[in-house]
Amino acid sequence: HVRCYSGHTYPERPSSFATAEREHRVEEVLKTWREPGRLCFQVTTEEGLTFTLEYDEASDIWWLANGG
C-alpha cells in the first residue's frame with residue numbers, strides 16, 4: 001500500500017508506504033524516472049532506509065522494487 005501526493009497528476013510523489021513489517025514515511029524523494037508503462041521513485045525513509053517504488057500505470061499497482 002502506497003500513499004502519495006497527487007496534485008496535477010497521479011502520482012506526483014509517494015509520502016508513505018507499507019511493507020510486511022511496518023509503515024514507512026518518506027523523508028525525501030531522491031530520484032524520479034519513467035520506464036515504459038512505469039513511474040519509478042527512489043526514496044529515503046525517516047529511518048534512513050532507501051527504497052525504489054514503481055507504479056505500473058496500466059494495472060494501477062505499486063511494486064517495491066528493492067529496499068534496505
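Modeller: Glutamate 57 and arginine 34 form a salt bridge, with their closest N and O atoms 2.9 Å apart; the term denotes a side-chain nitrogen of Lys or Arg within 4 Å of a carboxyl oxygen of Asp or Glu. The pair links distant parts of the chain, 23 residues apart: glutamate 57 sits in the loop between β5 and β6 (61-67), arginine 34 in strand β3. Strands (E, at least two residues) are DSSP runs, numbered from the N terminus. Glutamate 57 is partly exposed at 36% relative accessible area, whereas arginine 34 is exposed at 55%; buried means under 20%, exposed over 50% and partly exposed in between (1.4 Å probe, protein chains only).

This is a predicted model, in which local features need pLDDT of at least 70 and side-chain atom pairs count only at pLDDT 80 or more, while totals for chains, interfaces and linings use all residues. Residues are numbered from 1 along each chain as its sequence is written, and side-chain values use heavy atoms, leaving out hydrogens and water.

The structure holds 5 salt bridges. In another, arginine 38 meets aspartate 56 at 3.8 Å, N to O. Arginine 38 belongs to strand β4 and aspartate 56 to strand β5, so the pair ties together parts 18 residues apart in sequence. Arginine 38 is partly exposed at 25%, but aspartate 56 is buried at 16%. A network of salt bridges links Arg38, Glu54 and Asp56.

Notes
Helix = DSSP H or I, 4+ residues; strand = E, 2+ residues; numbered from the N terminus.
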